[in-house]
Amino acid sequence: AQHFVTRRQAAATTPGTPMATEKARQLLARLAATPDAAVPNLPFLHRALLLPLLSAASAASALLRLPVILSSSPLRSRRTLPVPVISVGNLTWGGNGKTPMVDFLARRFHAMGVSPLILTRGYAGGDESKMLRRRLADTSTKIGVGANRAAVGSSMLQKYGHVDPCDAFCREKLACNRVASGKSAKIGVAILDDGMQHRSLLRDVEIVMVNGLTPWGNTHFIPRGPMREPLSALTRADIVVIHHADLACEAQLETIARTVQDSGTTCSVFFSKLAPSHIFEVHQPLQRLSLNVLDGMIVLCVSAIGCPDAFIHTVREIGPLNVDRLDFSDHHFFNDYDLELIQERVRQLVDQHNKQTVVLVTEKDYDRDPDFLRMLGLKVWVLSSSLQIMPLKEQGEDELLRKLKDIITATRHVVQP
């Protein structure tokens, strides 16, 4: 045991090792979440890092605004696609529900008889695109991955062809709609995953996701804070969705909604949550275990996501006997040191409670590296969840879909055929 501790301590303090890199990323994430009022309570060395972070944030603010300024210039043309484009993005990094919203939209358009094309960067190993590909395998959804999403979109549209989604909207009104048939169906709509700052491609609808637990963080720009754009960028939004609304109090939701309105936007505001549906074992991804399999269990939640607190809250609501946690930075790739850490924590929990312990991860963590989870030699389960629109303030799922269809129908005359 002493050898194990010494090895981990050496790895944590040796620059360039995966463990040391992860420690540094976690420290930067904590500093980025620290409000100005709490700075005096930080350790001296952490406070010393804030000045360079503020300087970097000042430079980042200018750089992050540059694409918006350039895209507004009459000298720079923006690419268009022959189908409606829906952008799903945010003003802050991580944990805002962008990918669950993309999944939600793809399923709803498929059900309307409109085959969707998802355009994503494939950032940080492409865990989100892998998750979307697995979850949407039973639909007509196509997924294009690449930094130049206009080029990827054009290529996919040329390959599969395209149709006007308004025809499907009309059939739906006449109650004679049909589900889009298969992966070969022609594309009717493009969905930009994390598209708000991707300004080179014109869009018909701008959806902005906001984390209801930490909407604007400490309001500083990256890397001192989580902001990618100022609040004034909300004026570009057609729809704002406040995510994790089930975990925030009513006063908090009212404050966020007021901030959105005070930004000068006239957009509609909706509310969403991530609802757990079932559990599957890492060796059997097609399995559907009931959530109540966690009853009486000792659970170790392991996650590398943007908002781990929401994951923990959801698991506790399901009702296992005890919940422990190991949090890693967003998009973190698990390594051998993490494997030892997880195995050691499970051993501790088994000794403490004298009961079998299950490791529970999110779908994003599973799809990032399922082979790693299978190598743990432990019982590892995956919690499957889906985004749901909450019927608050008379703004439910039907109203959101109606708003999308109205905007798309109204803008069709400006989209190039």
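1. Basis. Local features in this predicted model need pLDDT of at least 70 and side-chain atom pairs count only at pLDDT 80 or more, while totals for chains, interfaces and linings use all residues. Residues are numbered from 1 along each chain as its sequence is written, and side-chain values use heavy atoms, with hydrogens and water left out.

2. Leaving aside neighbours within four places in sequence, Phe109 is in contact (heavy atoms within 4.5 Å) with Ile86, Val114, Phe169, Val189 and Ile408.

3. Strand E1. Because 6 of the 6 residues of E1 are buried, this strand is largely enclosed by the rest of the structure; buried means under 20% relative accessible area, exposed over 50%, and partly exposed in between, with a 1.4 Å probe and protein chains only. Val85, Ser87 and Gly89 point one way from E1, whereas Ile86, Val88 and Asn90 point the other way. E1 pairs in the parallel sense with E4 over 4 bridges, and 5 bridges join E1 to E5, again running parallel; two strands pair if DSSP finds at least two bridges between them. Ser87 has Leu192 of E4 as its bridge partner, and Val88 has Ile207 of E5.

4. Helix H6. The 12 residues of H6 (residues 149-160) should span 16 Å at 1.5 Å a residue, which agrees with end C-alpha atoms that are 16 Å apart; the expected span is 1.5 Å times one less than the number of residues. In H6, Arg149, Ala150, Val152, Gly153, Met156 and Leu157 are buried. Seen down the axis of H6, these buried residues fall within an arc of 160° and so line one face of the helix, the arc being that of the directions from the helix axis to the C-beta atoms. The face turned away from the buried side carries the exposed residues Gln158 and Lys159. Just after H6, Gly161 takes a positive phi of about 85°.

5. Ser272. This residue is found in strand E7 (residues 268-281), and it counts as buried at 0% relative accessibility. Beyond neighbours within four places in sequence, its contacts include Met209, His243, Asp246 and Gln388.

6. Salt bridges. A search of the whole structure finds 22 salt bridges, each a side-chain nitrogen of Lys or Arg within 4 Å of a carboxyl oxygen of Asp or Glu. Arg134 and Glu363 form one of them, with the closest N and O atoms 3.0 Å apart; Arg134 lies in helix H5 (residues 127-135) and Glu363 in helix H11 (residues 363-368), so the pair ties together parts that are 229 residues apart in sequence. Arg134 is partly exposed at 26%, whereas Glu363 counts as buried at 6% relative accessibility. Glu344 and Arg347 meet in a salt bridge (2.8 Å, N to O), and both lie in helix H10 (residues 336-353), 3 residues apart, about one turn of the helix. Elsewhere, salt bridges that share partners join Asp103, Arg134, Arg135, Glu363 and Asp367 into one network.

Terms used: Helices (H or I, at least four residues) and strands (E, at least two) are DSSP runs, numbered from the N terminus.
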